[in-house]
Structure formats: C-alpha cells, structure tokens
Amino acid sequence: MPSSDLMEKIVSLCRKRGFIFQSSEIYGGINGFWDYGPLGVELKKNIKDAWWRDMVRNPPLGPNGQEITMVGLDCSIIMNRKVWVASGHASGFQDPMCDCKETKKRYRADQLEVFSGHPEVNPPLMYAFIKGDEESLKLAIKKAEKAARAAGKKFTQPVHSVSYMTLAKNADARNQVVGPDVEVPGTLTEARPFNLMFETHAGAIKDDDNLVYLRPETAQGIFANFKNVVDSSRVKIPFGIAQIGKAFRNEVNPRNYTFRSREFEQMEIEFFCHPSESRMWYEYWRDVRKNWYSTLGIRSEKLKPREQTPEELAHYSVGTTDIEYLFPFSDEHQELEGVAHRGDFDLKAHMEHSKQSLLYFDEDAWNRDAAGRSTNSFVAWLKGNPSPEEVAKYQFIPHVIEPSAGADRFTLAVLCEAYTEDKAPNADGKLEERLVMKFHPRLAPVKAAIFPLVKKDGMPEKAYALYRELKAHFNVQYDDGGAVGRRYRRQDEIGTPFCITIDGETMQNDTVTIRDRDTLVQRRIPISSVLHELRTLIG
RNA sequence: GCGGGUGUAGCUCAGUGGUAGAGCUCCACGUUGCCAACGUGGCCGUCGUGGGUUCAAAUCCCAUCGCCCGCUCCA
C-alpha cells in the first residue's frame, strides 16, 4: 500500500475511534494544534507512564552495573525571560527573514550575502546570493557579468561579500540589491524578525516590560533548577533530572499530522556527570533510549539511530544521535528523539547570565583522595594553588547528556506501528479483512474487554461483576451489544489485547475464556485468576 | 509564506441552479452458545465558514479557514 494511503487510513481511524481530533474543530480548527480523545489520552498517558517508570523510577543499570540516580521535576511553562536569553533562544528563535516581492520567495536574511557589481556600471548594483549555495553564487556572478558587459566593462569575481543584514535597514541600499532569483534590483523587503517562540504578557498590562515566552523546550527549567535539586535532594553526580511537559514552537509550517505541532509534549532527561565520563554516559543513554523503543514494540527495521555528522552538530555538542522512525508519511526516517552530548554549555550559560555558581563539588572524590593531603578543607587546599586539572577532579561544571523525546511523536509512531490489516475468519469460517491495532499491552488504551457470550441465562450479570472487579485495576470495557464476533472486532480496532468471555461453561464451573488479539487463540482459565493473569500479561 | 488539489451524515461517497440522498456505522427491542449474522424501529447534515449573484445556490462568483501534495522553514 502506498505510504500516503496508509497514513490517511491511520488518521481516519484515529478520528473515528477517538484517538486524535483536530483542535477546536467546530470553529474550523487551528493549524498545528491537536486534541487527544478518550482513547488517545489513555494511550499517551500509558506512554508517559512507561517512560517515567522505566527511566525515572527504575532506570536500567549503568555501564558498570551500578544503580542510576534519577529524580523528577515539573517546571512552569512560563519562566523569567532571562532564561531564554541565557539559553540563546531569545536571539536564536528570532530569525530575521526577508521576502522577495517579485518571486514571493522568503529567505533567512542572515543567510543572504551581497557583493558589489562592477564599480563603473551605472546605476551601481549589488547582487544577493544564499550563503554556502554554489549555484546561487554562480547565478549572481553571471548577472553581474552580464550587467558589466552591457556597459562595456568586464566583471570577473566578487572581491568580497557582506551580509544582507548590514544594509537591510537602508531602503536606498536595498533598492540596489538584485535578489537571488530575480534580474531586477529592489525586490527584497527589509529583514523582519520571525519569532518562533510564542509570546504573552505576565500581568494585565501588555507592555515590553512584562513580555514572557511560552517555553520552546522543557530542558531549560531543569538547568535553571539544577542547584535547587542538588541542594534539596541529596543527589550525587552522576545523576539525572527528568521532566515531562508541554512546549511550544511557532512553527512556520506545521505538517504531517501531529508530527510537527506548535504545541507538543516532551519527555526529557538531563543527565549530569563528570566531564571525563561524559562520553561513556552519552553512549549509555543512546543505547538505553534506542532499546526502550524496541521493548515497546517498535520494529527494529523502522527504528534507526543516526549519529549526526560534524556539520550538523550544534557548536557546543560533542555528539548527538537522533533516534529516527520511518513514518508512513515520509520515505525518510524522522526524528523521535535526540540524544545530545551538550557538554557544559547550558550550565555555563546560566552561570554567566544568572551570576550564580552552578559548580558541583564532588565530596566523594574529595574524601577518597584524603590520604596524603595536609588539609581536609577544600577552600584551604585551593589556597595552595593546585593545578586546574587537580581542582577539576573535585569541583567542576558537570557535563550534560540530554535524551529528549517527543511524547506526541512517539504516540504517533506507536499508532503507525500498531496499524495492521490482516485476515480473520467470519461466522462461516471464511477469511475476511480485519483491522487491528497491535499495541504493546503496556501501551494499549484498553487492557481488556469483558463480554457475556449472549444476553441471557445470567451471563450479563456475571460478566458485569467481573468488569466491576477489574476496572479498579485496569482500563477495561464491558460490552453486551450485538453478536460476540462484532464485539471482538470492535476491540481489535482499538487495540484491546485481551477479551474475556463469560459463556455457558462459566455458569457451570466458573471458568472463562481469554482471547488473544493477535493470534485469536482462546484459553480457558478460572474466573478467580483473571486479575492475576492480566497483570502477568500486561507487565 | 508561495503554488496546486480538496471540503456534502460518525465513515465512504452520489448529487452541475428547482423539496439534501445511499450504503455502512451508531442506538433500542427481539433474536443470537465464540469472531463485523438476522428482523423491526430509530438518531444524525442551515452541504467547512462568511459574503455576493439569482424568484431560487451543495451547485455560479468573491473572501476566509482547515486538510493533502510540492517548495520554503525546522534554533
């Protein structure tokens, strides 16, 4: 099946069964925002709970078999504006853009360069090209050559170029600039800031003083609280702080269903360690995170860890691995999670901007090396002018490994992964198309459905009693409508892994059948062991 | 942001100026002893939204919004 058709079917099912709706749909919707319906919210909650349990409460053992310390955090979405100045988002997110009035193309103004044409050509013109784009530069040179020839001059190579930004404010200068994709000057607009952070105002008066941003990532709340956590919770390096929460980016063009939304939820860990161990922890988290997706049923051929090339890496990063999934809407793998080695970039930036010390003192290391030292006081020891390398063994800015996962993206991947069309026998034993969502039992929004085989002879009452017992422990459904076959199929379509049926034999000996969604196989078990059985199966 | 396509019931669609339809789904009752059975009855649309043309608009025109595809963007 063509992948776009498959994606449409998934979107359709999500709407029909109440996984995902378009936000404010009755008013015509709003681009880039989505609502999770009754089943979607269960699915996403199961995903977040699985992450929290597997990464925060009970993370895998470390590289040397040691326990890992992880704590959680839930920060406010709106923070002091200075946080975003320190992180670089306040400037980095305000990309200046300029438009070409002729071609309607839009360029990042800071990526446009201009050079002057032949100095004796009148009127004097400048030619714009896209930085780093050979074709664009060649084209601009060609245009300059042509203009020079027409004036009887010869233009060879631009002597030097400057950023368009340096003259974009000056209308006269702009009118001399020939845009990258036009022949005539004066079609480029001035550079306008293009802010990718949502803005609002804290306080009733709307002015520049109380301008605040909706966080574009959850990470900075963790860095801003690094000292609070260290001081309050007895954690020792290495340790991680985890957070699940909403983040907002005013994306230029939200696309591909929920994949690129303007409001989304992140599941982030900032793992703090000694600089000398950072590579080991980077590799640890890269592998742990990749494996996590596999244990929740993502097939390995769809999942691809991709180490970023040196050119792609952010300037501060020692290494980043994108964990990518092959969604049906694309021929290429798309990012589910980035595991980034961020060095000391973030804590250092916050240290500088906040003027607060975010240095970590490793008391264990200090005490371990006590023998052979004349003093036990670190402050006193520092007065002896130890080498920076010596000091850094005990006091340092921790390095950070950041596994940052998109909860909505993984939810979408789970939906895509689960979507299956197979064959199942009908009442006559003939195979018919079946639509089944093969969710991992841990993630399935409904864990089990309880049916009376028919609506008589006390079966509904018995089934309902079992339902009442189970719903204290799991999200379960009771259904007595129509033929049992139809009820099985309904549950298949929402991915319920187990169906329990009360039949005539139940009324005799208190056993029920439990039917497996994927194999259709039924087993008979005592009604008293259903709860325990489900616990074992769901994990 | 630009260009192209598209929008009628929960779903799939029919309806080219003259009383908004079909199948499926869904609900109720009956029937039904294991994989979308059957019977009867029922719910559901101011045709994406707002204007305009017309005696009359789902249908023609304009605008707008959403979705899809391609470009652009993705710190």
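**Entry 1: helix 15 and helix 18**

I opened with a helix pair, and I see that helix 15 passes helix 18 in a right-handed crossing. A reminder to myself: this is a predicted model. I looked up which residues make the contact, and found Leu466, Glu469 and Leu470 on the helix 15 side, with Val530, Leu531 and Leu534 on the helix 18 side. Next I checked the geometry: the axes of helix 15 (residues 459-470) and helix 18 (residues 530-538) come within 10 Å and cross at roughly 50 degrees. Helix 15 and helix 18 are therefore oblique to each other.

**Entry 2: helix 2 and helix 9**

At what angle do the axes of helix 2 and helix 9 cross? I read roughly 140 degrees, for axes that come within 12 Å, with helix 2 covering residues 38-57 and helix 9 covering residues 278-295. Angles over 145 degrees would count as roughly antiparallel, and I therefore put helix 2 and helix 9 down as oblique to each other. The crossing of this pair, helix 2 and helix 9, is right-handed. On helix 2, I listed Ile47, Ala50, Trp51, Asp54 and Met55 in the contact, and on helix 9, Trp285, Val288, Arg289 and Trp292. The class count for helix 2 with helix 9 is 7 nonpolar and 2 charged residues, with no polar residue.

**Entry 3: helix 2 and helix 14**

I stayed with helix 2 and turned to helix 14. I note an angle of about 115 degrees between helix 2 and helix 14, with their axes 10 Å apart. The handedness of the crossing between helix 2 and helix 14 is right-handed. Helix 2 brings Leu43, Lys44, Ile47 and Lys48 to this contact, while helix 14 brings Ala407, Asp408, Phe410, Thr411, Val414 and Leu415. By class, I have 6 nonpolar, 1 polar and 3 charged residues for the contact of helix 2 with helix 14. I also jotted down that Ile47 is in the contact with helix 9 and in the contact with helix 14.

**Entry 4: Arg409**

While on helix 14 (residues 407-418), I picked out Arg409, which lies in that helix. What does Arg409 touch, leaving aside residues up to four places away in sequence? I found Phe259, Arg260, Phe327, Glu335 and Leu336. The side chain of Arg409 reaches the backbone oxygen of Phe259 at 3.0 Å. I also looked at Phe264: 145 residues separate Arg409 from Phe264 in sequence, yet their C-alpha atoms are 8.7 Å apart in space. Arg260, on the list for Arg409, turns up again in my next entry, among the residues that come nearest to RNA strand B.

**Entry 5: around RNA strand B**

I went to the RNA next. There are 41 residues around RNA strand B, and Gln22, Arg249, Asn253, Arg260 and Pro425 come nearest. I sorted the residues of this surface into 12 nonpolar, 11 polar and 18 charged. Which part of RNA strand B lies within 4 Å of the protein, by atoms? Sugar or phosphate accounts for 47% of those atoms, and bases for the rest.

I then checked the bases one contact at a time. The side chain of Asp457 has an N or O atom 2.6 Å from a base oxygen of RNA strand B. For Glu217, I read 3.4 Å between a side-chain N or O atom and a base nitrogen.

Which element gives the largest share of the surface near RNA strand B? It is helix 16, with 7 residues.

Most residues other than glycine have a negative phi, and most peptide bonds are trans. I went looking for exceptions. The peptide bond from Ile237 to Pro238 is cis, with omega near 0 degrees. Pro238 sits in the loop between helix 8 (226-233) and strand 13 (239-248). Asn256 has a positive phi, near 55 degrees, and is not a glycine. I placed Asn256 in the loop between strand 13 and strand 14 (263-273).

Technical notes:
Residues are numbered from 1 along each chain as its sequence is written. Chains are lettered from A and ligands numbered from 1 in the order in which they are written. This is a predicted model: local features need pLDDT of at least 70, side-chain atom pairs count only at pLDDT 80 or more; totals for chains, interfaces and linings use all residues. Side-chain values use heavy atoms; hydrogens and water are left out. Axes are lines fitted to C-alpha atoms, for helices over the stretch in contact, and angles run from 0 to 180 degrees between N-to-C directions. Helices (H or I, at least four residues) and strands (E, at least two) are DSSP runs, numbered from the N terminus. Angles under 35 degrees count as roughly parallel, over 145 as roughly antiparallel, 65 to 115 as roughly perpendicular and the rest as oblique. A crossing is left-handed if the near helix is turned anticlockwise from the far one by less than a right angle, and right-handed if clockwise. Contact means heavy atoms within 4.5 Å. Ala, Val, Leu, Ile, Met, Phe, Trp, Tyr, Cys and Pro count as nonpolar, Asp, Glu, Lys and Arg as charged, and the others, Gly among them, as polar. A residue is near a molecule or strand if one of its heavy atoms lies within 4 Å of it. A polar contact is a pair of N or O atoms within 3.5 Å; within protein, one must be able to donate a hydrogen and the other to accept it, and residues adjacent in sequence count only if both atoms are side-chain atoms.
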